[in-house]
Amino acid sequence: QVQLVESGGGLVQPGGSLRLSCAASGFTIAAYTMRWYRQAPGKERELVANITPIRTTYYADSVKGRFTISRDNTKNTLYLQMNNLKPEDTAIYYCHAPGFPEVWGQGALVTVSS
């Protein structure tokens, strides 16, 4: 059974950092493109970052230079390092594998506020 479990969210002040983790089971993340999405209150879900099996990465303009997507194949875990967080980064963050379009985790809530 394919599952994705996000963790690492929380409350952080503007300018702070958080690292989100996504533990995958039922498949090997190294063989799949993996993505982080986020959904802010009242807004559509948006793509934040993408990493391919050969580690090519993509970032939304709004997070470029501040967020880093990576994975640890030995732990079958995807990460999102978020630095210099801004209030507009407040959202629920989800990891996703396009190869399993119906599978979504519960998400990790990130709140950036002073």
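**Exercise 1. Find which residues form one aromatic cluster with F27, and describe how the rings of F27 and Y32 meet.**

Step 1. F27, Y32 and F100 make up one aromatic cluster. Rings of Phe, Tyr and Trp (its six-membered ring) count as a pair if their centres lie within 6.5 Å; planes under 30 degrees apart are stacked, over 60 edge-to-face, and the rest tilted.

Before going on, note that this is a predicted model, where local features need pLDDT of at least 70 and side-chain atom pairs count only at pLDDT 80 or more, while totals for chains, interfaces and linings use all residues. Residues are numbered from 1 along each chain as its sequence is written, and side-chain values use heavy atoms, with hydrogens and water left out.

Step 2. The structure holds five aromatic pairs. In one of them, the ring centres of F27 and Y32 are 5.4 Å apart and the planes stand at 90°, so this pair is edge-to-face.

Step 3. Now check burial (buried is under 20% relative accessible area, exposed over 50%, partly exposed in between, with a 1.4 Å probe and protein chains only). F27 has 8% relative accessibility, so it's buried; Y32 has 30%, so it's partly exposed.

**Exercise 2. Work out which parts of the chain the pair Y37 and W104 ties together, and what sits over the ring of W104.**

Step 1. With ring centres 5.4 Å apart and planes at 65°, Y37 and W104 are an edge-to-face pair.

Step 2. Y37 is in strand 4 (residues 34-39) and W104 is in the loop between strand 9 (91-96) and strand 10 (108-112), so the pair links parts 67 residues apart in sequence.

Step 3. Y37 is buried because its relative accessibility is 15%; W104, at 33%, is partly exposed.

Step 4. Look for a charge over a ring (NZ of Lys or CZ of Arg within 6 Å of the ring centre and within 35 degrees of the ring normal). The charged end of R45 sits over the ring of W104, 4.3 Å from its centre. R45 also lies over the face of Y94, at 4.1 Å from the ring centre.

**Exercise 3. Say which residues have the most contacts inside the largest nonpolar core, then trace what L80 and A49 touch.**

Step 1. A nonpolar core is a set of buried Ala, Val, Leu, Ile, Met, Phe, Trp, Tyr and Cys residues joined through side-chain atoms within 4.5 Å. The largest one here has 32 residues, and W36, L80, M82 and Y93 have the most contacts inside it.

Step 2. Strand 3 (18-25) gives the largest share of this core, four residues.

Step 3. Contact means heavy atoms within 4.5 Å. Leaving aside neighbours within four places in sequence, L80 touches residues including L18, W36, A49, I69 and Y93.

Step 4. A49 is in strand 5 (residues 46-51), and at 0% relative accessibility it counts as buried. Beyond four places in sequence, its contacts include M34, W36, Y58 and L80.

**Exercise 4. Give the strand order of the open sheet with four strands, and name the strands at its edges.**

Step 1. Two strands pair if DSSP finds at least two bridges between them. The order is 1-3-8-7, with antiparallel pairing.

Step 2. Strand 1 (3-7) and strand 7 are at the edges; each has a single partner strand, so one side of each has no neighbour in the sheet.

Step 3. Strand 1 and strand 3 pair over five bridges, and L4 stands opposite A24 in strand 3.

Key:
Helices (H or I, at least four residues) and strands (E, at least two) are DSSP runs, numbered from the N terminus.
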